[in-house]
Amino acid sequence: RVHGGTKLVPNMESVTSKPTAEGHGSERILTPAQQQKLNAKKVETRIENERYLRKHPELQAMLDLFVCSVLDARPAELTQFAATFFTDEGLRARVQESMASRP
């Protein structure tokens with residue numbers, strides 16, 4: 001997985017392959033050091049994401065408004081609906097209103 005343009009496993013040469021249980025293709029196996037590095041990066045990313053989300057509660061308010069709007073409208077063209085929703089000039093005011101009404 002790539003996050004923020006950084007490959008989590010930058011040195012793919014030391015990754016080995018082995019046949020899968022079904023005998024189809026192969027799966028990549030990380031070395032123990034690579035797995036440990038990957039696990040640490042996952043934890044670090046989760047912590048960074050949680051800090052960001054706590055710092056920006058407006059994101060949750062915006063997503064809540066979007067999901068409610070989608071479920072109310074049930075648009076056939078969801079991508080177009082999302083583009084219109086997130087570029088609406090009144091979005092900021094609706095998000096602020098939503099946040100003000102929260103406990």
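Predicted model: local features only at pLDDT ≥ 70, side-chain atom pairs only at ≥ 80, totals over all residues.
Trainee: Which atom lies 3.0 Å from a polar atom of the side chain of Gln 34?

Mentor: That atom is the backbone nitrogen of Thr 31.

Trainee: Which residues are buried in H1?

Mentor: In H1 the buried residues are Gln 34, Leu 38 and Thr 45. Across the chain of 103 residues, buried residues make up 15%. The accessible surface of the chain comes to about 8,500 Å², and carbon and sulfur atoms account for 55% of that surface.

Trainee: How many helices and strands does the chain have, and what pattern do they follow along the sequence?

Mentor: There are four helices and four strands in the chain, and reading along the sequence gives the pattern β-β-β-β-α-α-α-α. As for contacts in the chain with a separation of 6 or more, 33% of them are between residues 24 or more positions apart.

Trainee: What span should the 24 residues of H1 have?

Mentor: The idea is to compare an expected span with the distance between the ends of the helix. At 1.5 Å a residue, H1 should span 34 Å, and because its end C-alpha atoms are 35 Å apart, the two values agree.

Trainee: How should I read a salt bridge, and how many are there by this rule?

Mentor: The rule looks for a side-chain nitrogen of Lys or Arg within 4 Å of a carboxyl oxygen of Asp or Glu, and by this rule the count comes to four salt bridges. One of them joins Lys 41 and Glu 44, whose closest N and O atoms are 3.8 Å apart.

Trainee: Why are Lys 41 and Glu 44 separated by about one helical turn?

Mentor: The general idea is that an α-helix has 3.6 residues a turn, so residues three or four places apart point the same way. In this case, Lys 41 and Glu 44 are about one helical turn from each other because they are three residues apart in helix H1. Lys 41 counts as partly exposed at 22% relative accessibility, and Glu 44 also counts as partly exposed, at 38%.

Trainee: Which salt bridge links distant parts of the chain?

Mentor: The side chains of Arg 102 and Asp 64 meet in a salt bridge, with an N to O distance of 2.6 Å. This pair links distant parts of the chain, since Arg 102 is in the segment after helix H4 (91–100) while Asp 64 is in helix H2, and they are 38 residues apart. Arg 102 is partly exposed, with a relative accessible area of 34%, and Asp 64 is partly exposed, with a value of 29%.

Trainee: With which residue does Asp 88 form a salt bridge?

Mentor: The partner of Asp 88 is Arg 94, and their closest N and O atoms are 2.7 Å apart. Asp 88 is partly exposed, with a relative accessible area of 36%, and Arg 94 is partly exposed, with 31%.

Trainee: Which residues make up the largest nonpolar core?

Mentor: A core of this kind is a set of buried nonpolar residues joined through side-chain atoms. Here the largest one has seven residues in all, namely Ala 61, Phe 66, Val 70, Ala 82, Phe 85, Leu 91 and Val 95. The elements that give two or more residues to this core are H2, H3 and H4, and H2 gives the most, with three residues.

Trainee: Which residues does Ala 61 touch, not counting residues up to four places away in sequence?

Mentor: With those neighbours set aside, Ala 61 touches Val 95, Ser 98, Met 99 and Arg 102. Val 95 also figures in another comparison, as its C-alpha atom is separated by 10.0 Å from that of Pro 57, 38 residues apart along the chain. Pro 57 lies in helix H2 and counts as partly exposed at 40% relative accessibility.

Trainee: Where is Arg 74 found, and what is its phi?

Mentor: Arg 74 is found in the loop between helix H2 (57–73) and helix H3 (78–87). Its phi is near 45 degrees, a positive value in a residue other than glycine. At 65% relative accessibility, Arg 74 counts as exposed, because exposed means over 50%.

Terms used: Residues numbered from 1 in each chain as written. Heavy atoms only, no water. Buried < 20%, exposed > 50% of the residue type's maximum accessible area, 1.4 Å probe, protein only. Polar contact = N/O pair within 3.5 Å; in protein donor to acceptor, adjacent residues only side chain to side chain. Contact = heavy atoms within 4.5 Å. Areas by Shrake-Rupley, 256 points an atom, 1.4 Å probe, with all protein chains shown as cover. Expected span 1.5 Å × (residues − 1). Core = buried A, V, L, I, M, F, W, Y, C linked by side-chain atoms within 4.5 Å.
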